[in-house]
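Let's take a walk through a structure together, one piece at a time.

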Amino acid sequence: MIRIDIRQKRFGNDVVLGPVSFDIAAGETIALTGPSGIGKTTLLRLVAGIDPDFDGQIVRPDRLAIVFQEPTLLPWRSASDNLILVHPSLSRADVEAALTDVGLDGKGNLFPGQLSLGQQRRLSLARAFAGQPEFLIMDEPFVSLDAETAETMLTLTEDLIAQHGPATLFVTHSQSEAQRLSNRILNLISGRDGAVLG
Amino acid sequence: MQDTRLTPLLSIAGLVALWIVAASLTADPQVLPQPWDLIPRFKQELVSGELPRSLGVTLVRVIWAFALAMTLGTIIGLSMGRSDALNRWLDPWLVIFLNLPALVLIVLCYLWIGLTEAAAITAVTLNKIPNVATILREGGRALSPDLDAMAQVYQLPRQTRLRHVILPQLTPFIAAAARSGLSLIWKVVLVVEFLGRSSGVGFQIHLYFQLFDVAMVLVYAFSFIAVMLIVEWLVLQPWERKARRWRAV
């Protein structure tokens, strides 16, 4: 069980998040929606442990994976090395299998700069799932892709979540994405003291 | 259309031509010998072993000072780039050391430590550290917060983070510091040798300065420039090409 219990998050004197509490069960997928600038990404950063400066408590498993808005790969390392460096226990065969799972078979020796944006996103997904995460966090993973590529990525993500079964929290602006991928939708709205769940 | 690859060669040929004209106009080899007058003197120093020995001694000092200045300057600069509080504390020191004349540091090191090898290398290192730190501070500021976050979430070990996430981002800054560092360090090493050592290229230049032997001063100076160019071509440039090969794809 993943437990998020944030009492408050502030940047200086600005309260960004008010009380926000929810649990995520094993294998459950939650979509987090809300208007731009409300604090969704801030909430994800707290949940992921990137920003430890807040009032509250978050219980999360150790095996964590994240997919950022941008692929956030190491451009100076090959596609294979991007997986191995993050998951050193993977064998070459595991890496090849992980790349095949996302449709990047045979592209292990290429640098990220040699891949299209869609392929870089696939590599980012491969990196996330290669570690068999118990908890997956995704921050608008399909943003800035054309409709066709976004649809392909959505299907791929759906399949990978079904195959690996991590608890998942993802941010999206798209209601259709939220309804298709998630078991539950949480909506962040403006409250008196920072954003709260609506 | 003119082949641009020839431009550097033509430029150097122009400099040599200027030298020949100036030497002809002065018409005094004691003041400015012709370029070809240096060849027998160069051979003489080479055969006697004095030139290779002096070059070797100076090169070792350059390597020591370079390694120390790059290591310490990188650590200080990176730390300042990553921490605003540390930067606020150390920035005034950096400004002071950047503006402290090399000669003052050299004299102070000799006065405080003595006319020793340690003093010489310390003086050169202290001269270069502020420059490396300034460049690497910008490198530290330019590090990607997204890659930082990725490394944090995936719990990359400190060594992996340093080697595969941080250092590759710093490569252009390290290369810039190394290149400017090498050219500054060898010049300061010569001054250090000139002032307080009994070996090395700087010492030889001091010796021939006292004898007013311009030809030998030029022989030692050009020989060391040649050594540093070889280091640049054989070490720095290949390393930089290797580190940046991913950009070329």
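A residue counts as buried if 20 or more other C-beta atoms lie within 10 Å of its own. Keep in mind that you are looking at a predicted model. With that cut-off, 30% of the 249 residues of chain B count as buried.

Let's stay with chain B for a moment. The C-alpha trace of chain B spans about 70 × 60 × 30 Å along its principal axes. Now think about which residues touch each other. Among the contacts in chain B with a separation of 6 or more, 73% come from residues 24 or more positions apart.

How do two helices of this chain meet? Two packed helices are described by the angle between their axes and the distance between the axes. Helix 3 (residues 50-82) of chain B packs against helix 10 (residues 214-243) of chain B at an angle of about 55°, and their axes are 11 Å apart. The two helices are therefore oblique to each other, and helix 3 of chain B passes helix 10 of chain B in a right-handed crossing. On the side of helix 3 of chain B, look for Leu51(B), Ser54(B), Leu55(B), Thr58(B) and Leu59(B); helix 10 of chain B answers with Tyr220(B), Ser223(B), Phe224(B) and Val227(B). Sorted by class, this contact has six nonpolar, three polar and no charged residues.

Next, find the place where the two chains touch. Chain B brings 14 residues to this contact and chain A brings 17. On the chain B side, helix 7 (145-153) and helix 8 (158-196) each supply at least two residues. Helix 7 of chain B gives the most, with six residues. By class, the chain B side has 10 nonpolar, three polar and one charged residues.

Finally, cross over to chain A and find helix 4 (residues 117-130). Its 14 residues reach 20 Å from the first C-alpha to the last, close to the 20 Å expected at 1.5 Å a residue. Is this helix enclosed or open? Of its 14 residues, 11 are buried, so helix 4 of chain A is largely enclosed by the rest of the structure. The buried residues include Leu123(A), Leu125(A) and Phe129(A), and also Arg121(A), Arg122(A) and Arg127(A). What surrounds them? The buried residues of helix 4 pack against strand 6 (64-67), helix 2 (79-86), helix 3 (92-101), strand 7 (135-139) and helix 5 (147-164) of chain A. After helix 4 of chain A comes Gln132(A), whose phi is positive, near 50°.

Key. Residues numbered from 1 in each chain as written. Chains lettered and ligands numbered in written order. Predicted model: local features only at pLDDT ≥ 70, side-chain atom pairs only at ≥ 80, totals over all residues. Axes fitted to C-alpha atoms, helices over the stretch in contact; angles between N-to-C directions. Helix = DSSP H or I, 4+ residues; strand = E, 2+ residues; numbered from the N terminus. Parallel < 35°, antiparallel > 145°, perpendicular 65-115°, else oblique. Left-handed = near helix turned anticlockwise from the far one by under 90°. Contact = placed C-beta atoms within 7 Å. Nonpolar A, V, L, I, M, F, W, Y, C, P; charged D, E, K, R; others polar. Expected span 1.5 Å × (residues − 1). Buried ≥ 20, exposed ≤ 12 C-beta atoms within 10 Å, placed from the backbone.
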